[in-house]
Amino acid sequence: MTKITFLILLFILPVAASGSMQESLQNGKGVYRAYCSVCHGDKGDGQSFVRNVIKAPPLDFTNKELADQFSVERMRWAILLGKPGTAMPAWRYDLTALQVSDVITYIRKEIMGLELAEPVSPEAAIYK
Amino acid sequence: MRVSRYNLFLLLICCLLSINLLAAEAKLQPLELEVFDIGVDHVKVLESAGSKLYLGTSDGFYILDTLTNDALLLDYDNGLISKSIHSVTQDPDGKTLWLGTYGGGLAKLVMQEGTPKTEIYNVRHGLNDSFVYDVEFDKAGNMWIGTWSGVNKISGDINERANWTKYTVKNTNEGLSDDWVYAVEIDSKQRIWFGTEVGISLLEGEQWKKWDHNDGLGAGIDIVRKDVHDVKTALRGNHHEAQISAQTAPGANYNYNPNYVVAMELGPKENLWVGTWGGGLSFFDVGTETFTNYTTRDGLPSNFVLALQFDKEGVLWIGTIKGLASFDGKTIKQHYQYGGLLSRFIYSLTFSEDGSFWVGGRKGITRIPVAAHD
């Protein structure tokens with residue numbers, strides 16, 4: 001690799017990664033509003049009208065202790081397969097792999113406040 | 001006695017006021033009521049079956065024995081995921097009830113001795129989403145479900161996902177007015193009517209038609225402006241904002257939306273009566289496809305119409321957020337002033353086999369006996 005190519009990549013790569021993150025966050029926000037906010041609340045804190053009438057209150061994603069317990073894969077499983085016996089539906093027939101990964105990206109970065117170097121990948125063992 | 005012109009003028013004004021008050025009182029009909037206090041509030045649905053009365057509330061599903069006044073409550077302990085019940089439908093098989101719940105999917109109750117057996121159907125089975133507002137059966141036995149994410153039709157075994165069909169704004173090329181579907185009605189020609197948050201849609205065979213405020217649904221803001229007020233902050237939030245921003249009716253907001261079909265009922269001549277959110281009562285003549293709107297100017301207690309029910313004489317009973325009214329096709333009469341309904345905020349109405357009229361509201365249920373109602 002020439003010095004010039006290296007320098008070009010040095011400037012382009014972060015921009016590309018940042019753009020991808022922005023796209024993922026934007027898509028994820030749309031999915032969150034359409035599928036999640038009605039129960040988990042606009043701010044992800046579980047404060048919604050529904051929480052008063054469903055069996056188990058929706059999770060509060062702003063709770064730092066809970067955030068530590070939720071791995072990406074655990075969140076992916078919950079979104080795809082739901083939580084039996086609770087109001088959390090299984091969205092595996094309705095959301096694409098990309099939509100699921102984007103909404104996880106959005107929740108983890110914007111609601112949980114976690115540091116993410118890159119968007120959550122749609123590639124996952126659960127789909128294989 | 002000398003009477004001045006001024007006194008004569010005052011006397012005339014007093015006479016006119018008295019006549020007006022008498023005319024207003026004549027429109028208010030007294031009713032004999034019985035109030036049932038079983039500690040139930042927010043009675044969203046009332047459905048009668050023999051001596052049983054089914055109550056869908058925000059605290060669960062109640063089965064009230066109207067002969068003994070014993071009530072059985074079903075909630076989380078009985079398998080429900082949500083205790084907020086928005087619809088109760090009797091299956092044609094005569095043994096099953098279907099409950100539409102708020103956030104807990106569709107509940108199937110198999111009636112048996114003692115406590116009914118419960119099964120939940122949700123997104124993984126094929127339900128569009130877990131917010132279910134209405135369920136109806138057509139003559140062929142197909143089940144039609146109105147949800148917050150469009151309509152489901154189930155043909156055959158409900159446990160087979162392949163038997164679930166989805167109808168959304170997108171996959172019907174906007175034939176379905178909106179994905180937020182609150183009411184389903186099926187006429188004798190097996191045409192399916194959907195009341196949504198953006199107007200009315202009709203599915204006839206494979207063909208879709210739709211109507212909204214621009215076609216005449218709901219009274220205009222200039223007519224109802226005085227009755228528009230902050231009625232329900234629960235509608236706020238990101239999930240609802242998209243709905244409000246999608247509205248085309250002038251002046252539409254959280255507190256006035258003439259396109260929002262809250263209640264819908266087919267009349268004796270199979271025309272459509274629609275209760276709207278702030279736009280009053282709307283009559284849709286199916287033959288001419290024209291709307292006639294009725295508001296507080298015509299005698300309604302409020303322009304927020306949440307419940308509609310016809311009696312055996314063809315009189316339409318109207319539940320609003322400010323009381324009860326009836327409409328015989330000529331005159332709208334208000335019924336809340338005398339007799340004291342338990343709640344003026346009315347969610348639900350039904351008639352039981354003995355002719356009693358039941359009114360469900362924010363505060364419990366009220367029974368209007370046969371004689372009083374007649």
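**View 1. Confidence along chain A.** The average pLDDT of chain A is 86, and 85% of the residues score at least 70. Within chain A, helix α1 (residues 3-40) has the lowest confidence, with a mean of 73, while α4(A) has the highest, at 97. In residues 6-18 of chain A the pLDDT falls below 50, and this stretch has 2 contacts in the model beyond near neighbours in sequence. Where pLDDT is low, the predicted coordinates should not be read in detail.

**View 2. Helix α3 of chain A and its buried residues.** Helix α3 spans residues 72-81 of chain A, and A:M75, A:R76 and A:I79 are buried in it. These residues lie on the same side of α3(A), because they cover an arc of only 100 degrees around the axis. An α-helix has 3.6 residues a turn, so residues three or four places apart point the same way. The buried residues of α3(A) pack against α4 (97-111) of chain A. Just after α3(A) comes A:G82, with a positive phi of about 75 degrees.

**View 3. The contact between chains A and B.** On chain B, 17 residues are in contact with 17 residues of chain A. The side of chain B that touches chain A is made up of 5 nonpolar, 10 polar and 2 charged residues.

View 4. B:V123 sits in the loop between β9 (117-121) and β10 (132-137) of chain B. B:V123 counts as buried because 21 other C-beta atoms lie within 10 Å, and the cut-off is 20 or more. Leaving aside neighbours within four places in sequence, the contacts of B:V123 include A:P89, A:A90, A:W91 and A:D94 in chain A, and B:D129 and B:S130 in chain B.

Conventions
Residues are numbered from 1 along each chain as its sequence is written. Chains are lettered from A and ligands numbered from 1 in the order in which they are written. This is a predicted model: local features need pLDDT of at least 70, side-chain atom pairs count only at pLDDT 80 or more; totals for chains, interfaces and linings use all residues. Two residues are in contact if their C-beta atoms, placed from the backbone, lie within 7 Å. Ala, Val, Leu, Ile, Met, Phe, Trp, Tyr, Cys and Pro count as nonpolar, Asp, Glu, Lys and Arg as charged, and the others, Gly among them, as polar. A residue is buried if 20 or more other C-beta atoms lie within 10 Å of its own, exposed if 12 or fewer, and partly exposed in between; C-beta atoms are placed from the backbone. Helices (H or I, at least four residues) and strands (E, at least two) are DSSP runs, numbered from the N terminus. The arc is that of the directions from the helix axis to the C-beta atoms. pLDDT is the predictor's confidence in each residue, from 0 to 100.
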